[in-house]
Amino acid sequence: MRIHKEGIASIVIVGIATLIICIMAIMYLPSVVNIVLPVLMIIIFGLIVWFFRNPVRNANNLSNEIVAPVDGKVVVIEKVMETEFLNREVMQISIFMSPLNVHVCRYPVSGKVVYRKYHPGKYLVAFHPKSSTLNERTTVVVETSSQTQVLFRQIAGALARRIVLYAKEGDTAVAGTEYGFIKFGSRLDIFVPLDTEILCKLGDTTRGSEDVIARLKS
């Protein structure tokens, strides 16, 4: 299992703490407790390792297809007014990631990065309707070869305290490749033109870079 680079420090720290606590518990705590506590710490360590997994994914999308940028559950499909960059009505698709999902963020389309911005903010639960505009978040816009602009946002959740964004303006985006990471529960919003064919539905679970969730008009 590959581990994401953003998790190495956390895994080392938790691993050392687990080792120390296990040794101390076995040496100094009474029976039962000196078994339960180490088992609990090992479970926590295992969950941390699991959270930072980075599976290899292959995107075989066509130029007009939008692939899921993250693993998670589709929680929003609706028409909205996007006012940060696009300044027009668009369709919004939101995918919620629980702490057990892979949290690698991948480009949903190929093209050129024409905009990126980090916004500090609150830490409402990621499925809150206002989390898209109030929470800590990043915004990235990729312009495809057909000059269609697709905007997407990493949104921190109640547990998330760090969003990592690698994308920079002028970068070449390749659908399915990594552009960022969010630590712990979070959400990702994608904003596409109104005439986009939506191929997912509410409640669907997605696999980042593999599942096609929409198709742009050719």
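The model is predicted: local features need pLDDT of at least 70, side-chain atom pairs count only at pLDDT 80 or more, and totals for chains, interfaces and linings use all residues. Residues are numbered from 1 along each chain as its sequence is written, and side-chain values use heavy atoms, with hydrogens and water left out. Helices (H or I, at least four residues) and strands (E, at least two) are DSSP runs, numbered from the N terminus.

**Helix H1**

- Helix H1 comprises the 21 residues 8-28, which at 1.5 Å a residue should span 30 Å; its end C-alpha atoms are 30 Å apart, in agreement with that value. The expected span is 1.5 Å times one less than the number of residues.
- Ile 11, Val 14, Thr 18, Cys 22 and Ala 25 are the buried residues of H1, where buried means under 20% relative accessible area, exposed over 50%, and partly exposed in between (1.4 Å probe, protein chains only).
- These residues lie on the same side of H1 because they cover an arc of only 70° around the axis; the arc is that of the directions from the helix axis to the C-beta atoms.
- On the other side of H1, the exposed residues are Ile 13, Leu 19, Met 27 and Tyr 28.
- Helix H2 (33-51) is included in what covers the buried residues of H1, with contact defined as heavy atoms within 4.5 Å.

**Sheet E4-E10-E8**

- The 3 strands form an open sheet in the order E4-E10-E8, with antiparallel pairing; two strands pair if DSSP finds at least two bridges between them.
- Strand E4 (104-106) and strand E8 (163-165) are the edge strands, each pairing on one side only.
- E4 is joined to strand E10 (residues 178-182) by 3 bridges, and the two run antiparallel.
- Opposite Val 104 stands Phe 181 in E10.

**Gln 147**

- The loop between strand E6 (137-143) and strand E7 (149-156) contains Gln 147, which counts as exposed because its relative accessibility is 56%.
- A polar atom of the Gln 147 side chain lies 3.2 Å from the backbone oxygen of Ser 145.
- Gln 147 is 103 residues from Ile 44 in sequence and 46 Å from it in space, C-alpha to C-alpha.

**Thr 206**

- Thr 206 is placed in strand E13 (residues 205-206) and, at 7% relative accessibility, counts as buried.
- Its side chain reaches the backbone oxygen of Val 70 at 2.9 Å.
- Not counting residues up to four places away in sequence, Thr 206 touches residues including Ala 68, Val 70, Ile 95 and Ile 213.

Methods. Polar contact = N/O pair within 3.5 Å; in protein donor to acceptor, adjacent residues only side chain to side chain.
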